[in-house]
Amino acid sequence: MSGKAEGNQPPVRTNSASIHVAIAFDQNYVTPVYVLLTSIFLNNAHNRIVVHAIETGLTALQREELQHYCAGYSSSISFYTLEESFASDFVLPPTLWWTASIYYRLMFPVLLPAEVEKFIYLDTDIIVLGQLQTLFDTPMQGLPVAAVRDFVDSRPELGIVKPNSYFNSGVLLIDRVEWQKREITAKVLDFIGKNADKLVYPDQDALNAVLLESWVKLDTRFNTMYHDIPHEHPRKQLRQFLQNVVVLHFTTQHKPWAMLGENKLRNTYFAYLDKVPRKYRRRYDNFTWNRHKIRKMIEIRLSEWAIDYPALVLGRHRK
């Protein structure tokens with residue numbers, strides 16, 4: 001298999017500086033992982049990207065294909081293994097999209113080589129639209145984590161009562177030295193084990209409880225989420241909106257690969273999907289020829305079309 005995206009020439013790395021990126025996923029997220037990596041490589045042409053991955057369920061061939069793909073962009077990917085029993089004792093919310101892999105991010109500071117003093121953790125429902133160097137160079141102020149606030153006013157059961165004091169764990173800049181010094185992994189795992197009844201977003205809640213007032217607040221352009229997007233804007237304005245976005249995060253149930261997803265920026269994801277190896281270009285993971293779902297899908301697209309072309313809609317009503 002070719003180590004580069006079909007139809008694209010790999011960018012030439014002109015900067016020897018490496019950016020360390022950590023991702024965690026299972027076999028169900030192989031396609032989004034390719035999309036994420038492609039977006040990173042194409043928009044960070046001047047840096048060597050060193051990817052650290054915890055995965056479950058991949059075949060030896062799939063791991064080898066990912067290694068060849070990264071090498072084609074003058075980057076690399078290393079795989080780390082956890083015991084099969086890891087996370088088996090932890091609570092998971094009753095959703096269709098969360099698996100035990102959400103806990104894997106907690107282990108990167110323990111597993112990564114000693115020379116990696118700082119790294120960026122990224123969820124795999126993300127595409128990178130800007131230069132990660134701007135995130136990587138964020139001053140850490142002696143704190144273990146930098147993150148973007150999430151849309152939670154307060155969580156008093158976690159000790160969070162001030163506005164904008166709860167962060168989203170999908171994008172984390174981690175000072176590994178400070179994290180280890182404060183024993184964050186052990187404290188978070190202990191909190192999860194003792195406070196299952198308080199957890200809505202398991203690892204994220206626990207991280208927020210343990211890191212209360214001890215994280216650097218990042219600008220939303222480093223983790224732009226569903227509620228940040230001006231969905232009432234036509235696509236032309238959304239393109240302008242995206243020019244300032246470094247990391248676009250497809251949070252909530254509105255994933256771009258969901259048949260009935262309502263995130264208007266799904267086409268941005270599809271643009272990178274079209275650049276990954278052909279065997280992994282799976283557009284939807286839940287598409288069915290169900291008349292009710294097809295009708296709902298059409299309704300969603302028509303409502304977006306009405307926003308994009310209001311003059312046509314008005315003209316039709318005047319007839």
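Strand 2 (residues 48-56) is mostly covered, with 7 of its 9 residues buried, where buried means under 20% relative accessible area, exposed over 50% and partly exposed in between (1.4 Å probe, protein chains only). Helices (H or I, at least four residues) and strands (E, at least two) are DSSP runs numbered from the N terminus. The model is predicted: local features need pLDDT of at least 70, side-chain atom pairs count only at pLDDT 80 or more, and totals for chains, interfaces and linings use all residues. Residues are numbered from 1 along each chain as its sequence is written, and side-chain values use heavy atoms, with hydrogens and water left out.

The protein chain contains 11 helices and 9 strands. Of its 319 residues, 53% count as buried. Among the contacts in the protein chain with a separation of 6 or more, 79% are between residues 24 or more positions apart; contact means heavy atoms within 4.5 Å.

An open sheet is formed by 7 strands in the order 3-2-1-4-7-6-8, with mixed pairing; two strands pair if DSSP finds at least two bridges between them. Strand 3 and strand 8 (215-217) stand at the edges with a single partner strand each, so one side of each has no neighbour in the sheet. From one strand to the next, the twist averages 30 degrees. Here axes are lines fitted to C-alpha atoms, for helices over the stretch in contact, and angles run from 0 to 180 degrees between N-to-C directions.

Within this sheet, strand 1 (residues 18-26) runs parallel to strand 2 and is joined to strand 2 by 9 bridges. The bridge partner of Ser18 in strand 2 is Arg48. Strand 2 also pairs with strand 3 (residues 76-80) in the parallel sense, over 5 bridges, and Val50 has Ser76 of strand 3 as its bridge partner. Strand 1 pairs in the parallel sense with strand 4 (residues 118-122) over 2 bridges, and Val21 stands opposite Ile120 in strand 4.

Strand 1, helix 1 (residues 30-43) and strand 2 make a right-handed β-α-β unit. The chain then crosses from strand 2 through helix 2 (residues 60-71) to strand 3, in a β-α-β crossover that is right-handed. A crossover is right-handed if, with the strands pointing away from the viewer, the path from the first strand over the helix to the second runs clockwise. Helix 1 lies across strand 1, strand 2 and strand 4, at about 165 degrees to strand 1.

The axes of helix 1 and helix 2 come within 11 Å and cross at roughly 10 degrees. Helix 1 is therefore roughly parallel to helix 2; angles under 35 degrees count as roughly parallel, over 145 as roughly antiparallel, 65 to 115 as roughly perpendicular and the rest as oblique. Residues of helix 1 that meet helix 2 include Val30, Tyr34 and Phe41, and those of helix 2 include Leu66 and Tyr69.

Helix 6 (residues 184-194) and helix 7 (residues 202-210) pack at about 120 degrees, with their axes 9 Å apart. These two helices are therefore oblique to each other. The contact includes Ile184, Val188 and Phe191 of helix 6 and Pro202, Ala206 and Val210 of helix 7.

Gln180 belongs to helix 5 (residues 176-181) and is partly exposed, with a relative accessible area of 35%. Leaving aside neighbours within four places in sequence, Gln180 is in contact with Pro109 and Val110.
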